[in-house]
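Q: Could we go through the aromatic contacts in this one? I'd like to know what counts as a pair before we start.

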Amino acid sequence: MMLRRRSSSSSAKGSTKRRSSRAASFDEFGFAFSKKRQKKLQHRCHDYSYPQPNALKVKELCELLSYWNGSSFICRNQIERFIRIGIPPALRGRVWKCLLGVDTVRVSSDFSYQTCLSEIRKPLVDLGVSEYSIISAITTLSDKENDLGLGQTSDTHSAAFSSADVALFRQIALDLQRSFPTHRSLMGDSPEAIEGQAKLFRVLTAYAKYNPQIGYSQGMSYIAAVFLMLLGEEEAFWALVVLLEKPKYLSELFDSSLKKIQHQALVFQQLLKHRKPQLFQHLEKLGVSSLHFIMQWFLTLFTSLPCWDSVLVVWDLFLLHGLLAVFRAGLTILQLLEPRLMNMTEEAAVLPVLLRVPVDVAQYSVLIPALWSTEVQEWEISCMNSVILEETAAEPSSEKAKKDSPLPQRSDEQKEKRPAVEPLEQDRPSKKEVEGSGGKNVFARILRAAQRYLTDAAKQSTAAKAKTSPPAKSTPAVSRQPKKRTSVSFTQAQRRRSQKRQSQNAAVGTDGNGPFPHQDTDGGTAEDSSLAPLRRLRSGPVGRVARRRSGVQSSQGRSLLLRRSSAQCQKPSSAAQAPAPAPAPASALSRDPNQASVEPRESPQRIPSPGRPPLAERSVLSPYSGSEVRESQLI
């Protein structure tokens, strides 16, 4: 019986050891496995699905980090390719240091981290508080803060601490309890957890001393804790400095009054209104504002997501592209949640889903491919930012105008003019029209902001080019300017040409007896206004050939006319001596049309017979019209 009891007691001890090991077991990222009862409270998933690169890719990444240059486009492009493939957890700390340039900032700064820590420890000693037991000293710090506020302490001048130091220590100690309570470095009373809490307290207090304008703000504890998971204590401090002070990252998010984060939440709200108008209207109808969930997402940089492998990829992309990746990640999560949110009809059901993103949306295989396919451009954010600035600038002016202008009192005449019957519901604008007009106004403001952004970018680029490049010599090819078109239209030029031709023909075709029908350069009779479309035939290649042929004929016709006019002048002298010739028969006047068309082509040496009528008469009696002659010449 004794042996059985011993064996049973030994088995009980082994079972307790197993239970304790199970209770203290952690996953590969340092988060404790939670029990079934605590899964809903902790909201943490341990089923990771991130890709693991092969040894060749790891070797290439190590070579890239060895010759890393942050200003090189090739290096940044290569690191983005490795982020898409998947960065090994063992090398992620080195990648973050290279992306942030921690070593260069630490070397170039005059601030000494160790000296700052020695200055921090002096007020802690005076307060009787240790950095390794800062969480248990919260009550002591709160009591001391109350005493300083009431002015009960008499040795405030001789003490090395102030009321601001006590308030800072107390606020950081309170946030230490909320920062990743299930992570190995901050969980429980183990030596590792106590050391991790002391490191986090020192980093946050040192930054508050380094930049007193910002000091300590909510959300900083989560960011510093993530850095401490992958970097050393001093490296985590300088990484926090770079992240909170560079305009590329979080300098537009953190301040003591939290006005910057509220402004960025409104910018994201405008982006959501522009990209997802139906979802925005649905959330607005339910009374859910973007400030309710965007502030938590942005201040903690999505560390509240249940899948930690997805969180790390979001951070990789954020450290590469800056604040633009934060807007990109928030928009991606809302796109994935849109079908689920559109089916909800109550605010109480929407907010928990947004504050605690479901696991099926946050897992790596779902969130990260959607994140790579979502694009947010820098000009979009700048346009939304300018729209918010215009709205905030217009609100105070409208409020002042309302205060300054007194309400007009209605007179009896205005009351009489007021219609007794209100307009029908059909005449009133519907809600959709009002929403549409508001959307148009927002879209117009976005367009104006985009135009201003593009003009500013163009000015900056031209100014940079003017500074860098010397003034180039003006070449004749560049200085040439295109010839301006004449103000005279094509029809007016045609009319002028036809008038010149008519005047030339009139000068040639008139004699002492009277005018005869004018001929143009083509040898035909003068054209009427009804034959104006035929003038267009002269402008083409066929018209040029016709003009060349008609030039010879017209010269021959003119010489023939001159000979016949001189012959007619000599007729009266010869008529007195010789008898008058017999009149020509009618058959001579009505000749074959082919002969009539050939006769003007006679050579100038040929003398016409005295029995034939002059050319003027024959041209009048010719059966061919001016248009027919021209067509025959063209053929």
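A: Rings of Phe, Tyr and Trp, the last by its six-membered ring, are taken as a pair if their centres lie within 6.5 Å. On that basis, and bearing in mind that this is a predicted model, ring pairs link Phe111, Tyr113, Tyr207, Tyr210, Phe237 and Trp238 into a cluster.

Q: How many aromatic pairs does that rule give?
A: The count comes to 25 aromatic pairs. One of them joins Phe31 and Phe180, whose ring centres are 6.3 Å apart with the planes at 65 degrees, so the pair is edge-to-face.

Q: Where do Phe31 and Phe180 lie?
A: Phe31 is in the loop between α1 and α2, while Phe180 is in the loop between α9 and α10, so this pair ties together parts that are 149 residues apart in sequence.

Q: Is Phe31 buried or exposed, and what sits over its ring?
A: Phe31 counts as buried, at 0% relative accessibility, and the charged end of Arg44 sits over its ring, 4.4 Å from the centre. Phe180 counts as buried too, at 4% relative accessibility.

Q: What about Phe293 and Trp297?
A: Phe293 and Trp297 form an edge-to-face pair, with 5.2 Å from centre to centre and 65 degrees between the planes. Both residues lie in helix α15, 4 residues apart, which is about one turn of the helix, and both are buried.

Q: Switching topic, which residues of α20 are buried, and what do they pack against?
A: The buried residues of helix α20 are Tyr364, Leu367, Ile368, Ala370, Leu371 and Trp372, and they pack against α4, α16, α17 and α19.

Notes: Residues are numbered from 1 along each chain as its sequence is written. This is a predicted model: local features need pLDDT of at least 70, side-chain atom pairs count only at pLDDT 80 or more; totals for chains, interfaces and linings use all residues. Side-chain values use heavy atoms; hydrogens and water are left out. Buried means under 20% relative accessible area, exposed over 50%, partly exposed in between (1.4 Å probe, protein chains only). Helices (H or I, at least four residues) and strands (E, at least two) are DSSP runs, numbered from the N terminus. Contact means heavy atoms within 4.5 Å. Rings of Phe, Tyr and Trp (its six-membered ring) pair if their centres lie within 6.5 Å; planes under 30 degrees apart count as stacked, over 60 as edge-to-face and the rest as tilted. A charge sits over a ring if NZ of Lys or CZ of Arg is within 6 Å of the ring centre and within 35 degrees of the ring normal.
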